[in-house]
Amino acid sequence: MHQNIGLQLTRVPRLWRAVIDQRLAPLGLTQTRWVTLYTLWRLGDGQPQCDLARAIGVEAPSLVRTLDQLSEQGLIARQPCDQDRRTKRVYLTPEATPLLERIDAVVTQARTEMLAGLSDEDVEQLAGLLSRIEDNGLAIQAREAGD
């Protein structure tokens, strides 16, 4: 039983994203683009590119191409940081709002369907367990990085 947990922990997020990707495909959004927009929306405007990349879980240079595409679509704008001109901050444009509202509706509906049959208590317990597993993994990384 315990041997399958790692596999489940990799399959479930992949399946979750696949459901959302399929539903957002008619909007012409790739996973990389919608995740970037949605994360920026959730974090708030004016995020430094490096912080946004970290929140998404990608390297900063990998994010640049996606930001270029979103900028070309008129969905984001990048501006130099006042304190450090080398740092770029990312802002959503007004044109992004209707698209983000549609993304949020799709994500909310997918979440509801994916968590069907789970009580609020079940979801809270699951979130707590996943947080504990994540904390354990971060502690392992920190410990092994210090070796």
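**Entry 1: Asp 68 and Arg 78**

I looked up Asp 68 and noted a salt bridge to Arg 78, with 2.4 Å between the closest N and O atoms; the term stands for a side-chain nitrogen of Lys or Arg within 4 Å of a carboxyl oxygen of Asp or Glu. The pair links distant parts of the chain, Asp 68 lying in helix 4 and Arg 78 in strand 2 (residues 76–80), 10 residues apart. I take helices (H or I, at least four residues) and strands (E, at least two) as DSSP runs numbered from the N terminus.

The model is predicted: local features need pLDDT of at least 70, side-chain atom pairs count only at pLDDT 80 or more, and totals for chains, interfaces and linings use all residues. Residues are numbered from 1 along each chain as its sequence is written, and side-chain values use heavy atoms, with hydrogens and water left out.

For Asp 68 I recorded a relative accessible area of 32%, partly exposed, and for Arg 78 a value of 26%, also partly exposed. Here buried means under 20% relative accessible area, exposed over 50%, and partly exposed in between (1.4 Å probe, protein chains only).

**Entry 2: Other salt bridges**

I searched the whole structure and found four salt bridges. One of them joins Glu 113 and Arg 23, whose closest N and O atoms are 2.9 Å apart. This pair too links distant parts of the chain: Glu 113 is in helix 5 (residues 96–114) and Arg 23 in helix 1 (residues 2–24), 90 residues apart. Glu 113 is partly exposed at 39%, and Arg 23 is partly exposed at 33%.

I then examined Arg 54 and Asp 51, whose side chains meet in a salt bridge at 2.7 Å, N to O. Both residues lie in helix 3, three residues apart, about one turn of the helix. Arg 54 is exposed, with 57% relative accessible area, whereas Asp 51 is partly exposed at 31%.

**Entry 3: Helix 2 against helix 4**

I checked helix 2 (residues 31–43) and helix 4 (residues 60–72): their axes come within 10 Å and cross at roughly 85°. Helix 2 is therefore roughly perpendicular to helix 4, the class for angles of 65 to 115 degrees. Helix 2 contributes Thr 32, Arg 33, Thr 36 and Leu 37 to the contact, and helix 4 contributes Leu 63, Thr 66, Leu 67, Gln 69 and Leu 70; contact means heavy atoms within 4.5 Å.

**Entry 4: Ile 56**

I located Ile 56 in helix 3 (residues 49–56) and noted that Ile 56 is partly exposed at 23%. Not counting residues up to four places away in sequence, Ile 56 touches Val 35, Thr 36, Thr 39 and Leu 63.

How values were computed:
Axes are lines fitted to C-alpha atoms, for helices over the stretch in contact, and angles run from 0 to 180 degrees between N-to-C directions. Angles under 35 degrees count as roughly parallel, over 145 as roughly antiparallel, 65 to 115 as roughly perpendicular and the rest as oblique.
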